[in-house]
Amino acid sequence: MALETNLIAKLPRRISPCPINEAILEIRFQTRPDFLGGAVFGLLYKEFRNQYRDVQKQPVLQIPEQMRTNDPGLMYLPEYHLTGGPFKLLIGQRVLSVVVAGEYSGWPAFLVRVEEVLEAVRSLEFIDRLERLGLRYINVFDFDIFDHSTLALIHGGAPLETRSTRIVSRIEADAFEHTLTVANGLKVRNENDVIGESIIDIDTATSTGLEGFFDSPRSVLEEAHNREKKLFFSLLRPEYIDSLNPEY
């Protein structure tokens, strides 16, 4: 699948209204052999408690620690959420995510916050090996996004009419892999309010070339962001992009 290569001539620097509802930078890691996994939260909480004052335990903590540690389906789930303004830190024994939800202030501002967190993590020296880095954007639309997308379901040479469609695809892009989800017929909620009926969800991740990442994270973060952005705009029809008041 070569969606990412079907590029438009230039990428907008900003669009309005912006459909981004949530942006997430996630790292998965192994801790140092002499470091108890359960100590990750305590270490990070001590470092970030002045910025992220609201702490919420997650339901996964009700599962016995041995099961959480050894089950691949559980070991990367966050056990605590720390909230400070629009930003959150999701912390588990082998995972840390920086999240911004709601109104998106743009990549430069998000990048600053991400780099602040990564620099603090680097200085704490509890990570032995970085396993995966993922940058995920969840875009929400209050209409059927397939009506404005370059994606289509074709059956017998004609568009397939459905009440609800969900496309999930994994797309290789050199050292990165996109996990793309496009869906309609949803009731996307923000707490108690329905905010949309369609999503474009792109998780751009890599598990290679991460040695020495903490010494110079900017290049990997920028590449992940550029690849995600190229794929996103390649999914939209040019006339729809023009309707979003693009700034170049």
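This briefing describes the overall form of one protein chain and then several of its local features.

The model is predicted: local features need pLDDT of at least 70 and side-chain atom pairs count only at pLDDT 80 or more, whereas totals for chains, interfaces and linings use all residues. Residues are numbered from 1 along each chain as its sequence is written, and side-chain values use heavy atoms, with hydrogens and water left out. The chain contains 5 helices and 13 strands; helices (H or I, at least four residues) and strands (E, at least two) are DSSP runs, numbered from the N terminus.

**Overall form**

- The C-alpha trace spans about 60 × 35 × 35 Å along its principal axes.
- Of the contacts in the chain with a separation of 6 or more, 71% are between residues 24 or more positions apart. A contact means heavy atoms within 4.5 Å.

**Surface and charge**

- Buried residues make up 46% of the 248 residues. Buried means under 20% relative accessible area, exposed means over 50%, and partly exposed lies in between (1.4 Å probe, protein chains only).
- The accessible surface of the chain comes to about 13500 Å², and 48% of this surface belongs to carbon and sulfur atoms. Accessible areas come from the Shrake-Rupley method with a 1.4 Å probe; for residues, only the protein chains shown count as cover.
- The chain has 27 positive and 36 negative charges, and their mean positions are 3 Å apart. Lys and Arg count as positive and Asp and Glu as negative, while His and the chain ends are not counted. Each charge is placed at NZ of Lys, CZ of Arg, CG of Asp or CD of Glu.

- An α-helix has 3.6 residues a turn, so residues three or four places apart point the same way.
- Arg53 lies in the loop between α1 and β2, and Arg53 is exposed, with a relative accessible area of 64%. Arg53 and Thr83 are 30 residues apart in sequence, and their C-alpha atoms are 6.3 Å apart in space.

**Prolines before β1**

- Pro12 lies in the segment before β1 and counts as buried, at 1% relative accessibility.
- Leaving aside neighbours within four places in sequence, Pro12 is in contact with residues including Lys229, Phe233 and Tyr248.
- The C-alpha atoms of Pro12 and Pro78 are separated by 33 Å, and these residues are 66 residues apart along the chain.
- Pro17 also lies in the segment before β1, and the peptide bond from Ser16 to Pro17 is cis, with omega near 0°.

**Residues with positive phi**

- Glu125, a residue other than glycine, has a positive phi near 55°. Glu125 is found in the loop between α3 and β6 (127–141) and counts as exposed, at 55% relative accessibility.
- Asn245, a residue other than glycine, has a positive phi near 50°. Asn245 lies in the segment after α5 (238–243) and counts as partly exposed, at 49% relative accessibility.
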